[in-house]
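Here are a few exercises to work through with the model open beside you. Try each task before reading its solution.

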Amino acid sequence: MNNDIIAPENLVYAKPTLMNDTPMHYCPGCSHGEVHKLVAEVIEEMGMEDKAVGVCPVGCAVFAYRYLDIDWQEAAHGRAPSVATAIKRLWPDRLVFTYQGDGDLACIGTCETIHALNRGENICIIFINNAIYGMTGGQMAPTTLIGQKTSTCPYGRDPELHGYPLNITELASHLQGTCYVTRQSVETVAAIRKAKAAIKKAFTASMQGKGSSLVEIVSTCNSGWKLSPVKANQWMEEHMFKEYVKGDLKNTLDE
């Protein structure tokens with residue numbers, strides 16, 4: 001569809017201009033594609049197309065640079081917050097954010113995540129939490145729920161054997177360097193709108209030098225969970241939202 005021939009008052013939806021015409025590698029029903037779209041829309045609305053820098057480490061989003069037409073930097077597994085710190089300190093006028101999954105952020109990169117947030121680096125961390133290692137075969141992640149089955153805990157996560165789910169977003173909310181910590185999702189239109197508003201607030205805080213922001217998106221992994229996209233959303237609503245309660249955990253921006 002050519003958006004140029006549609007009168008603005010009649011245009012209901014259009015693909016963000018920053019999204020490339022590249023078929024996505026994500027599984028059907030995956031939450032990543034929706035979050036990519038929201039990030040593109042927010043950057044465009046802020047007029048930061050030429051000053052946005054995304055940092056992606058290893059994980060399902062490792063190819064994010066294919067889809068959004070902004071500057072990207074790849075990072076070693078878990079090290080995106082450190083790389084983002086360097087970029088933001090070198091170019092403080094840039095909008096710098098990381099895009100990380102739960103295995104990357106809450107396991108391999110726990111140290112980098114916690115210390116970057118605690119230092120109050122003026123970056124935003126977007127945290128996709130689907131409670132599993134999606135890219136590498138569906139292994140248990142730090143965020144896997146008690147009783148949830150994965151390829152490495154086929155009988156369900158046992159807290160006596162595997163420990164408890166790591167609520168790293170709650171930890172981030174107690175750090176002095178964070179200004180905005182929130183948990184959202186993208187399974188409904190209403191949830192998508194709230195997630196977009198959260199991303200925009202975090203990006204704005206970064207550009208205003210308010211400190212670190214963490215935006216967690218509770219997500220699905222229907223391939224890893226072995227569910228259809230519809231049933232994956234239902235499972236997330238019934239189980240994930242009980243452990244990972246949505247809403248703002250810390251907001252010093254409106255004070």
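A residue counts as buried under 20% relative accessible area, as exposed over 50%, and as partly exposed in between (1.4 Å probe, protein chains only). This is a predicted model, where local features need pLDDT of at least 70 and side-chain atom pairs count only at pLDDT 80 or more, while totals for chains, interfaces and linings use all residues. Residues are numbered from 1 along each chain as its sequence is written, and side-chain values use heavy atoms, leaving out hydrogens and water.

**Exercise 1.** Find how many disulfides the structure holds, then look at Cys-179.

Solution. Start with the criterion: a disulfide is a pair of cysteine sulfur atoms within 2.5 Å. Searching the whole structure gives zero disulfides. For Cys-179, the nearest cysteine sulfur belongs to Cys-124 and is 9.1 Å away. Now check burial: Cys-179 has a relative accessible area of 1%, so this residue is buried.

**Exercise 2.** Work out the strand order of the open sheet and say which strands stand at its edges.

Solution. First, the terms: strands (E, at least two residues) and helices (H or I, at least four) are DSSP runs numbered from the N terminus, and two strands pair if DSSP finds at least two bridges between them. Seven strands then line up as E2-E1-E3-E4-E6-E5-E7, with mixed pairing. Strands E2 (71–74) and E7 (247–251) are at the edges; each has a single partner strand, so one side of each lacks a neighbour in the sheet.

Next, go inside the sheet. E1 (residues 52–56) and E3 (residues 95–101) run parallel, joined by four bridges, and Val-55 has Thr-98 in E3 as its bridge partner. E5 and E6 are also parallel, with seven bridges, and here Arg-183 stands opposite Glu-216 in E6. Finish with burial in E5: eight of its eight residues are buried.

**Exercise 3.** Which strands does helix H2 lie across, and at what angle does H2 run to E3?

Solution. Angles run from 0 to 180 degrees between N-to-C directions, with axes as lines fitted to C-alpha atoms, for helices over the stretch in contact; contact means heavy atoms within 4.5 Å. Helix H2 (residues 80–90) lies across E1, E2, E3 and E4 (124–129), at about 175° to E3. Then turn to helix H4 (residues 110–119), which packs on the sheet and touches E3, E4, E5 (178–185) and E6 (212–218). The direction of H4 makes about 135° with that of E6.
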